[in-house]
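The paragraphs below go through pockets, a ligand site and some backbone details. Please keep the sequence and the 3D view at hand.

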Amino acid sequence: MEHRTFDRETMRITVDYNNMMQETLGARGLTVDELKALPLEAAAKAMHAKRDQMKWRELPHNQDEIVAEIEAVAKDVRARFDNFVVLGIGGSALGPIAVQQALSHLHYNDLPKEKRGGPRLFVEDNIDPERMNALLDVIDVKKTCFNVITKSGSTSETMSQLLIVTDLLHKTLGEDISTNLIATTDHVKGNLIKIAKRENLTTFYVPDGVGGRFSELCPVGLLAAAVCGIDIRMLLAGAAYMDEITQNDNVFENPAYLMAALQVAAMKRGANIHVLMPYADSLKYIADWYAQLWAESLGKRVGNDGTEIYAGQTPVKSLGVTDQHSQVQLYTEGPFDKVVTFLSVDRYRKTMQIPDGYLDIPDVSFLCGHTQNELIAAEEAATEYAVMKSGHMNYAIRLPEVNAFTVGELLYMFEIQTAFAGELLELNAFDQPGVEEGKKATYALLGKPGFAEKKAELDAAPAKLPAYIVK
Ligand code: PA5
């Protein structure tokens, strides 16, 4: 793969937070003193002290060998298969979806094979039986490579998909299904590693200390990206650059720390909702990925000292300009309970000229001679203005353009923001007891061995009252 060369500075992401501050927003805005009153120094110190535990921070630096291996496997997959299907959920699916949408053609799967250069990509992150049936209607199993991804190796949803797929593969290919199935999992824990060994599968590992939602930049996300022809070295180079940038302990010079401080200060003012609004279809699913990162990391009942805090900020996914025609009314005239983060792009990868037409109708022809690029930029500026004018907090993250380098920067910046916010809120951003609770309840309901006590607990839950069920 050819690597594009450029000066890294020209690809640096910026954060414009004028519209969060009192100078612009009046009394509804934050002050610098309010930001400084947060435990910034302690949080920055903790980020250094805990770096060893946050193994995901090393991913941009320590994967030379694994990247070469991923590229080799991806090359083979690109040559042999028509389809690449990821089986996984949560952190094992949202990253692959987000990166592919950001960096592949927006109608990648619909392109003719020679233009795609690689197989179609499907990421099956649900267990809706209609969806699994629908997938099987559009793929030929023989010409499909499946990548089953589960860090824990035990997630029921993923295991159910695996059972369906291995059954089909065995029926179609016979005993050896290793030609069409790749596993990505923990190197010792869980059941997938056992199955991978039994079936002699090519296996990639989720490194220790890399949790699901922080795993996009390891084989979890890199394999699917490479299979789609995305430059994964560039993705990691962007993340490495952001790692350098975010070494700065001065919060006002560190975009990730600053964004965390802005959100935490806003939360103290009652802004319990965080809207992420990309102005690019390519970044649409980055908002999905971010929603998991922010919600699952910061939504916590107890803080580090064990006291109940019920912390968190509800993420909302929005898309510019589409949601200007659905949600923006609420963002301008609704309650002051949210921060809107615009995610904008300076240079789109394509230009679309709006041609001359209907010149005798001025309300239409004012668009003529402009480009859709100008139109989307004007609409974003206008929406930022309207949200600011109505006194609602907002800020803008600006990408010079969408490419593998800037997407790597962006993902890493959001991860650091989340970790730093966890430190400011004095909670553990890396566990997910609430998610685990749901997983255990599912095991109990389906009779998994070892969950009898949980089943008894569920049986003892208050019965549903018919009086509260309307017919
Ligand atoms: O961030 C997390 O840990 C979770 O959202 C997991 O990614 C999700 O539950 C899937 O887990 P696993 O990859 O173990 O199947």
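Helix 16 contributes the most to the lining of the largest pocket, with 5 residues. Helices (H or I, at least four residues) and strands (E, at least two) are DSSP runs, numbered from the N terminus. A pocket is an open set of points, on a 1 Å grid over the protein atoms alone, where a 1.4 Å probe fits, with protein on both sides within 12 Å along at least five of seven lines; its lining residues have an atom within 4 Å of a point. The model is predicted, so local features need pLDDT of at least 70 and side-chain atom pairs count only at pLDDT 80 or more, while totals for chains, interfaces and linings use all residues. Residues are numbered from 1 along each chain as its sequence is written, and side-chain values use heavy atoms, with hydrogens and water left out.

The lining of this largest pocket comprises 20 residues, and those nearest its centre are Leu 106, Asp 281, Tyr 348, Arg 349 and Lys 350. Two or more lining residues come from each of strand 11 (338–347) and helix 16 (372–389). By class, 9 of the lining residues are nonpolar, 6 polar and 5 charged. Here Ala, Val, Leu, Ile, Met, Phe, Trp, Tyr, Cys and Pro count as nonpolar, Asp, Glu, Lys and Arg as charged, and the others, Gly among them, as polar.

The ligand takes up the second largest pocket; a molecule sits in a pocket if more than half of its atoms lie within 2 Å of the grid points. Around the ligand are 14 residues, of which Ser 92, Thr 150, Ser 152, Thr 155 and Gln 292 come nearest; a residue is near if one of its heavy atoms lies within 4 Å. This shell has 1 nonpolar, 9 polar and 4 charged residues.

Polar contacts are pairs of N or O atoms within 3.5 Å. A polar side-chain atom of Thr 155 is 2.5 Å from a ligand oxygen atom, and one of Gln 292 is 2.6 Å from a ligand oxygen atom.

Two backbone details remain. The peptide bond from Gly 320 to Val 321 is cis, with omega near 0°. Asn 200, not a glycine, has a positive phi of about 60°.

Terms used:
A polar contact is a pair of N or O atoms within 3.5 Å; within protein, one must be able to donate a hydrogen and the other to accept it, and residues adjacent in sequence count only if both atoms are side-chain atoms.
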